[in-house]
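Welcome, and thanks for opening the viewer.

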Amino acid sequence: MWFKKRSILTYFVLALFVYLSMRLTEFDLSKFKDFRNMIDFLSHWFPMDFSLLPKILEDSLETLAMAFLGSFFGLIIGLPLSFMAAKNTSGSKLIYHLTRVSLSFVRSIPEIVFGLILLTALGLGPFPAVLAIMFHNIGVLGKLISELIEASDPGPQEAMKAVGAKSWFASLFSILPQIWPNVLSNYFYRFEVAIRTSLILGFIGGGGIGQRLFNDFKTFQYSSVSLDVLVIMIIVVLVDLFGSYVRNRVI
Amino acid sequence: MLEIRNITVRYPGMKHNALNSINLTIHPGDFVCVLGKSGAGKSTLIRCLNGLQTPSSGEIIWDGQSFSALSDEQLRKIRREMGMIFQHFNLIPRLTVLQNVLTGMFGFRSSFKNLIGWFTDEEKAQAKQVIAEVGLTDFADRRVEHLSGGQKQRVGIARALLQNPSFLLGDEPVASLDPGTSDRIFSLLQEMHERHKLQTIINVHDVQLAKRYATRIIALKDGEVVFDDKPEQFTDDMYVFTYDAESYGEKSYIRST
């Protein structure tokens, strides 16, 4: 009934893609015959070396600050832009297309490229990393929120126009309460992603726990590497928990 | 007195006019119910009256002013005079009853004051007064999504009344409510109509309600006025003609979407 002959072609094409991608990525499970090496390597990770814990925590705080500032500025700048990038609230077609294009432009540049460019002007440290995260998040949050705006119920907006409120104010006041819980959950997700991004940016000298992880790795301090990784995992989980707590309070 | 002169509305991409050269005069004290099938042009007519829809041609004249030539600022002033209630209530979610009713004042205040939500004690007292009039005093601090349909429409009516309007427009305000609640909402509308000396124009599908409460019935068919008279004159034959019904008996539920 629901199996159509035409789908056979779809499955065939899909299988072809899987095969080609495996060839391109040298995907080969037989390579796991050297599995013992990994076990061996991981055994150097333990026991963890807790002597550096205060320093690690200090660096994690820097990472958290980087991720928070970058994603929060991204939200502050992306939110107004998202109203210009939504069909139902942007004043004109020109503004709509212009904002859309600029948002996808900043989104298409990976944070690490932003970071590498900014490093040349601002030098090593967390400041260029914050800016890199901010730029990328303006693009991502601007787009995500503009889609929430487009999916919002037009009724309340009409009601606010009908009471005689200014048109821009009618849009803002009627749409923001509708989308607010989803804006927050998008924001917290981006905050979490920003933590992981700031780790990568640490590898290119952006500071924080990412840079410590990278340095420990390069100097074979595996008993510190394991603690770095553990602390990072705990931070990500905590941010996730905090995010769902805030979101539940808001709904 | 509100005059509708030769109003025609054509939506882009549509073959027929949504409204075709409508001429109407609304007099002080009129409680008008507008009847007609879905797609007959009822909503379009109501939405032309407060400028949510701009007519393709023709003009609406009220208080010596013609709507067709209004600036945004003048249009906002007109809208303040026209309270409007909706089928889906169109309240602001996640705000309380009191907060929602206070938005009825937005047209009179600066956007900055509206944005930060600063209201004088007198303004709050006015809002509480209209909340009492619609019988929701005990629910003033309740969030609107926790109310029943009938209560939500009462909030909508309170919001419209806080504008202190000359007109009350209703776009199918009871189409989502059960028959008993619909009747109570209409009786509230009639009470407010008299107390606040309103001119009321309401779209409705329920012919019985219209005949019970209206002082005047207007029926639209394919964008044209096919009936405009006292409710007693709206005969069963007129009903069959307006709704393309087989007979009067099959009335039951005819709803717009």
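Start with helix 1 of chain B and color its residues by burial: B:K42, B:T44, B:L45, B:I46, B:R47, B:C48 and B:L49 are buried. This is a predicted model, so keep that in mind at every stop. Helix 1 spans residues 42-49, and with seven of its eight residues buried, the helix is mostly covered. Now step past the end of helix 1 to B:G51, which follows the helix and has a positive phi, near 75 degrees.

Next come the charged pairs. Side chains of opposite charge can pair when their charged atoms come close. Over all chains, the count comes to 18 salt bridges, and we will visit a few of them.

Select B:E59 and B:R5, and show their side chains. They form a salt bridge, with the closest N and O atoms 3.8 Å apart. Color by secondary structure here: B:E59 sits in strand 4 (residues 57-62) of chain B and B:R5 in strand 1 (residues 2-9), so the pair links distant parts of the chain, 54 residues apart. How accessible are the two partners? B:E59 is partly exposed at 26% relative accessibility, and B:R5 is partly exposed too, with a relative accessible area of 37%. B:E123 lies in helix 5 (residues 121-133) of chain B, while B:R109 is in the loop between helix 3 (97-102) and helix 4 (111-116), so the pair ties together parts that are 14 residues apart in sequence.

For the last stop, select B:E145 and B:R143. These two form a salt bridge, and their closest N and O atoms are 3.0 Å apart. Keep the surface on: B:E145 counts as partly exposed at 33% relative accessibility, and B:R143 counts as partly exposed at 23%.

Terms used:
Residues numbered from 1 in each chain as written. Chains lettered and ligands numbered in written order. Predicted model: local features only at pLDDT ≥ 70, side-chain atom pairs only at ≥ 80, totals over all residues. Heavy atoms only, no water. Buried < 20%, exposed > 50% of the residue type's maximum accessible area, 1.4 Å probe, protein only. Helix = DSSP H or I, 4+ residues; strand = E, 2+ residues; numbered from the N terminus. Salt bridge = Lys/Arg side-chain N within 4 Å of Asp/Glu carboxyl O.
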